[in-house]
Amino acid sequence: MRRSDTAMIRSAFAPQGILQTVLKSKDGKVFIQSEPLDSFIAFVGKPHKEVYDERITFDLIKVDGDLAIAWTPYKFYLDEKFSHCGVDSYQLVKLNGEWKIQYLIDTRRRQNCD
């Protein structure tokens with residue numbers, strides 16, 4: 001993401017990779033927002049002044065054969081300016097000998113990020 005390398009991002013995902021975010025409406029109701037992988041890749045690849053810097057921590061990884069999960073808390077910065085934090089939850093599948101992201105759901109918040 002830091003390099004806006006869309007080819008690298010696409011190569012990390014399975015062909016039908018799914019992206020979703022857990023959000024809260026202004027009235028406090030929780031909902032899930034889906035984003036097409038192509039839209040996310042276009043967003044990251046679109047020319048922008050700031051560096052998109054998602055700083056992740058690998059908190060938990062579990063593997064069973066060709067299936068794995070990764071729980072990665074993160075902090076997101078635009079250049080060095082803090083934007084938001086949350087957790088990425090990955091479901092990975094080993095396809096043709098390579099781990100690919102099949103499903104990524106995340107949370108996003110601006111508070112309680114320490």
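Asp106 counts as buried in this predicted model, because its relative accessibility is 8%, where buried means under 20% relative accessible area, exposed over 50% and partly exposed in between, with a 1.4 Å probe and protein chains only. Its side chain meets that of Arg108 in a salt bridge (2.9 Å, N to O), a term that stands for a side-chain nitrogen of Lys or Arg within 4 Å of a carboxyl oxygen of Asp or Glu. Arg108, at 42% relative accessibility, counts as partly exposed.

The model is predicted, so local features need pLDDT of at least 70 and side-chain atom pairs count only at pLDDT 80 or more, while totals for chains, interfaces and linings use all residues. Residues are numbered from 1 along each chain as its sequence is written, and side-chain values use heavy atoms, with hydrogens and water left out.

The protein chain as a whole contains two helices and seven strands, which follow one another from the N terminus in the order α-β-β-α-β-β-β-β-β; helices (H or I, at least four residues) and strands (E, at least two) are DSSP runs, numbered from the N terminus. Its C-alpha atoms fill a box of roughly 40 × 35 × 25 Å along the principal axes, and of its 114 residues 30% count as buried. Among contacts with a separation of 6 or more, 45% are accounted for by residues 24 or more positions apart, contact meaning heavy atoms within 4.5 Å.

By the rule given above, the salt bridges come to five. One of them joins the side chains of Arg10 and Asp38 (2.7 Å, N to O); because Arg10 lies in helix α1 (residues 6–12) and Asp38 in helix α2 (residues 37–45), this pair ties together parts that are 28 residues apart in sequence. Arg10 is partly exposed at 40% relative accessibility, and Asp38 is partly exposed with a relative accessible area of 49%. Another salt bridge is formed by the side chains of Glu80 and Arg55 (3.1 Å, N to O), and it links distant parts of the chain, since Glu80 sits in the loop between β5 (67–78) and β6 (81–95) and Arg55 in strand β3, 25 residues apart. Glu80 is exposed, with a relative accessible area of 63%, whereas Arg55 counts as partly exposed at 33%. Asp53, Arg55 and Glu80 are linked in a network of salt bridges.

The aromatic side chains give another view of the model. A pair of aromatic rings is described by the distance of the centres and the angle of the planes. The structure holds three such pairs; rings of Phe, Tyr and Trp (its six-membered ring) pair if their centres lie within 6.5 Å, and planes under 30 degrees apart count as stacked, over 60 as edge-to-face and the rest as tilted. The rings of Phe43 and Tyr52 are stacked, because their centres are 5.2 Å apart and their planes stand at 10 degrees. Those of Tyr77 and Phe82 have centres 5.6 Å apart and planes at 75 degrees, so this pair is edge-to-face. Tyr52 is buried at 9% relative accessibility, while Phe43 is partly exposed with a relative accessible area of 45%. Phe43, Tyr52 and Phe76 form one aromatic cluster.
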